[in-house]
Amino acid sequence: LGIVAMPPGRGKSGLMINFAVTALLKGVDVLYITVADQGIDELLPRFDSALLEEPTPLDASEDVLCDRHRAAQRLSKGHLRIADYTDRECSVSDIARTVRDAPSGLVLVDHADDVSSPYSHDPTVTRHSLRVVYGSLKRLAVKHNVPIWTGSQIHEAAWYMATAGINELAEAKVGKATGAAVVLVFTGGAKPTPSIMYASIAKARRAYRERVVLVSVDMPICRFW
């Protein structure tokens, strides 16, 4: 289980699309589960832009979008499946069923904070609800022997930090960090620069000489280097 943590609106979905496209280009089948933010009609043009490395024209007609999608399909060596739960509630059992029914080499859940558990409707136990969700994702990853990545929001002020840790995960940080094998926290630095991010390796199961990595960003095509 891996967690991408970032303030709201800074590019969690774009980063997850980047993970997916990198895998597709290598011939890995990908399951992308979208829970709250963007439906399939919004996601497909972003996937196509990442595969083609060309932004989608703002005034693109349906014919242009279809042509771009066919061209993107020809570049992809793996199969992409998108499970769209943006128009309904998505529970832990929904995630489990989808992962079981669509075997893949990589699963992306965008994003787990919006997945419901048996505790979700009781505001007094929100932390326990999130711990159940992340613990369930960890068990699914082990059961199906597949890497699962998800995104988690952190506070907006963290964007101006040069480095960040698991404390930025806020609610249920202990449960999230315990369940994850890798936690990457993305920030803009003390003086944010366009097209640049800092990735702090907040948790990993092996030692790294450098825990903060400079990342180049091309947001219109969802590609990160």
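## Exercises on a mixed sheet and its helices

Nine strands make an open sheet with mixed pairing, in the order β3-β2-β4-β5-β1-β6-β7-β8-β9. Its edge strands, each pairing on one side only, are β3 (80-84) and β9 (223-224). Strands here are DSSP runs of E with at least two residues, helices are runs of H or I with at least four, and both are numbered from the N terminus. Two strands pair if DSSP finds at least two bridges between them.

This is a predicted model: local features need pLDDT of at least 70, side-chain atom pairs count only at pLDDT 80 or more, and totals for chains, interfaces and linings use all residues. Residues are numbered from 1 along each chain as its sequence is written, and side-chain values use heavy atoms, leaving out hydrogens and water.

**Exercise 1.** Find the sense in which β2 and β4 pair.

*Solution.* Start with β2 (residues 30-34) and β4 (residues 106-110): they pair in the parallel sense over five bridges. Next, look at V30, which stands opposite L106 in β4.

**Exercise 2.** Is S136 buried or exposed?

*Solution.* First, locate S136 in helix α5 (residues 126-144). Now take its relative accessibility: S136 is buried because the value is 11%. Buried means under 20% relative accessible area, exposed over 50%, and partly exposed in between (1.4 Å probe, protein chains only). Finally, check A96: its C-alpha atom is 8.5 Å from that of S136, although the two residues are 40 apart along the chain.
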